[in-house]
Amino acid sequence: MIELPPGLILIVGAFLVPFFHGNVRNIYMLLLPIFGIWGLLTVSNGVYFPFEIFGYNLSPVRIDRLSLLFGYIFHIAAIISLIYAFHLKDTVQQMAGLIYAGAAIGGAFAGDLITLFIYWEITAIASVFLIWSSRTEASFKAGMRYLIIQVGSGVLLLAGAIIHFHKTGSIVFDKMNLSGLGPILIFIAFGIKAAFPLLHNWLVDAYPEATVTGTVFLSAFTTKLAIYALARGFPGTEMLIWIGATMTAFPIFYAVIENNLRRVLTYSLNNQLGFMVVGIGIGTELSINGTAAHAFSHILYKAVLFMSMGAVLYRTGTIKGSELGGLYKTMPYTTGFCIVGAASASAFPLFSGFISKSLIVTAAAVEGHWFVWGVLLFASASVFYHSGIKIPYFAFFQHDSGKRPQEAPKNMLAAMGIAAFLCIAIGVYPYWLYDILPYNVDYKPYTTTHVVTQLQLLFFSALAFGWLMRTGLYPPELKSTNLDFDWSYRVFIPKILNIVANSIKIINASLESVIHKILAFVNANLSKHHGRSGILARTSSLGGSVTMIISVLAVLIIIFYFET
Amino acid sequence: MEDNSEPNKKSFWLDNKKNVDKIWYALILICALTVLADLFYHKHVEYSIEDIIPGMYGWYGFIGAVFLVLAAKILRKILMRSENYYNENQND
């Protein structure tokens, strides 16, 4: 049985946060997700709390293996993120983080599209405060762009849901065919939040602008809620294979040249989402399991990476690769955790990414998508390259920047430690995770072939990095902005609008001058005839007027005489 | 912003260039070993190309990574702007 809809305890609980202070507040906040996950351990599959409103049959809570898996990992992510933020004294961020996590959990259990929409929008609104809390002009603007896009995605979802309802008579959130306006709108709404290529810019724009602790929250929920929604709504949609493959390959080029290390991680996040989207597109039991497993392990190692970079930002005040280096000397624990996260992200054997990503790559090969399989392998090699090597190397090693920051605060170390431990635990004993996947797993990750080929892939791309470094071919970290697709709406479209506005101004001005000339001409003529000395404005004597009238009358009389 | 101002005289293993070289040679050795390993077990693969070339994954990874970096280097010429690009643009 189940007493409360999952996630609601975090949302409602968030409003009591201002009444607690100091450590009591921290413990109180931590208890909310702990109670939440406790509740999930005893539930059984089914639909809970159904009710009807305005003719829609809503089912706010649906429990099955897929929703439970995301429920678990969202709770774990909330716990880790909260511990990481223990030192924080910012009530707004604390409430926003809790509501955001709660809404993501609620969304994962939503049994109908209306409930999903409500949670979808709450995640958007709550999370933007984690960006705005940086309290810089850049974060304010990025947050605005983020909010517009996120809320827009929700509006598309709602519109699609209503159209879908009127066509099928059902509002239940289940597998849909990508035909007809309703499902297409819903698909685009999911695609925005899952950061499909060209819909992805809000991600790389906003996440690096969020607070040190905010980015850790952000990295876990929004995009993975979208992955869940896609896995629920559109499994086996072939288009997703191609979209996903593009996602794995497209952002990594940016990751190589980007200088802001949190933005590098965001590009790599986008690339990892691509693997999950491919898994959904293939749509077999193996590949859906792969997507779910990869979402699970991805949330953990991405959290470790964002936490370690957050700690660097917190201690040094910068996160630019060009200004960092040599930090391992004074931040050894952070360095160690970062390396664990990097190894997991790169899918090293014995780390979490290895046992989850290989499900998807194998599924692609088994189903005969050889080209996609090749792209995924290329993307895997390069993940190691930018997430696995670049992040730890430029922050903690390379040339010594001379910075000697303190080790990260204890609460941050604890949070990183827990997440890093889970990364290794899942990697060493994958059956913890495999047992809770949506379908039964008949897959062995640790075969000789898998391990050896993966080690080849990884060590040779490390070799490539070393070779490029030693020969000086490697592009240096430079302070820069690299144009991405958001350039189109941040610069190009405003420029076009500017040009349009300017041409309207010019046309307007020339029209005005023409009209002025016409008016001046009319005016001149009027004053010529009606003006002071104009013929029609002249005054004459009374006698003259009488003579004129009489003569006109005389002419008329003569005319009429001859007429009759 | 908590730079430790007192001079840090402790020297680290990695500060010595020779040790960095050692890591580099160890890496080359490991790569060679992974390719050799291919000769000693039966591969379970989906595509025959994986089995024909020893160390196929290694070559693929190496070429892929080099391509990635060199392509990104070229992309930089097109995409790179100054750090304040977007701010400058909003002000004009």
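In this predicted model, A:Leu376 is in contact with A:Ala245, A:Thr248, A:Phe275, A:Val278, A:Val361 and A:Ala364, once its neighbours within four places in sequence are left aside. A:Leu376 is also among the residues with the most contacts inside the largest nonpolar core, which has 197 residues.

**The core and the domains of chain A**
- Besides A:Leu376, the residues with the most contacts inside the largest nonpolar core are A:Phe74, A:Ala303, A:Val304, A:Met307 and A:Ala419.
- Helix α13 of chain A, which covers residues 285–316, gives the most to this core, with 19 residues.
- Because domain 1 (1–233) and domain 2 (235–485) of chain A both give residues to this core, the core lies between them.
- In soluble globular proteins, nonpolar side chains tend to be buried together.
- The domain assignment of chain A also gives a domain 3, covering 491–526, and the centres of domain 2 and domain 3 of chain A, taken over C-alpha atoms, are separated by 57 Å.

**A buried histidine, A:His164**
- A:His164 lies in helix α6 of chain A, which runs over residues 137–168, and this residue counts as buried because 23 other C-beta atoms lie within 10 Å, where 20 or more are needed.
- With neighbours within four places in sequence left aside, A:His164 is in contact with A:Leu113, A:Gly182, A:Pro183 and A:Ile186.
- From C-alpha to C-alpha, A:His164 and A:Phe70 are 25 Å apart in space, while in sequence they are 94 residues apart.

**Helix α1 of chain B**
- The 21 residues of helix α1 of chain B (residues 17–37) should span 30 Å at 1.5 Å a residue, and this agrees with the end C-alpha atoms, which are 30 Å apart.
- In α1(B), the residues B:Cys31, B:Thr34 and B:Val35 are buried, and because the buried residues fall within an arc of 100° when seen down the helix axis, they line one face of the helix.
- On the other side of α1(B), the exposed residues are B:Lys18, B:Asn19, B:Lys22, B:Tyr25, B:Ala26, B:Leu29 and B:Leu36.
- The buried residues of α1(B) are covered by elements including α19 (448–471) of chain A and α3 (56–79) of chain B.

**Where chain B touches chain A**
- In the contact between the chains, 46 residues of chain B meet 47 residues of chain A.
- On the side of chain B that touches chain A, at least two residues each come from α1, α3, β1 (80–81) and α4 (85–91) of chain B, and the largest share, 17 residues, comes from α3(B).
- By class, this side of chain B has 27 nonpolar, 10 polar and nine charged residues.

Key: Residues numbered from 1 in each chain as written. Chains lettered and ligands numbered in written order. Predicted model: local features only at pLDDT ≥ 70, side-chain atom pairs only at ≥ 80, totals over all residues. Domains from an automatic or database assignment. Core = buried A, V, L, I, M, F, W, Y, C linked by C-beta atoms within 7 Å. Buried ≥ 20, exposed ≤ 12 C-beta atoms within 10 Å, placed from the backbone. Helix = DSSP H or I, 4+ residues; strand = E, 2+ residues; numbered from the N terminus. Contact = placed C-beta atoms within 7 Å. Expected span 1.5 Å × (residues − 1). Arc of directions from axis to C-beta. Nonpolar A, V, L, I, M, F, W, Y, C, P; charged D, E, K, R; others polar.
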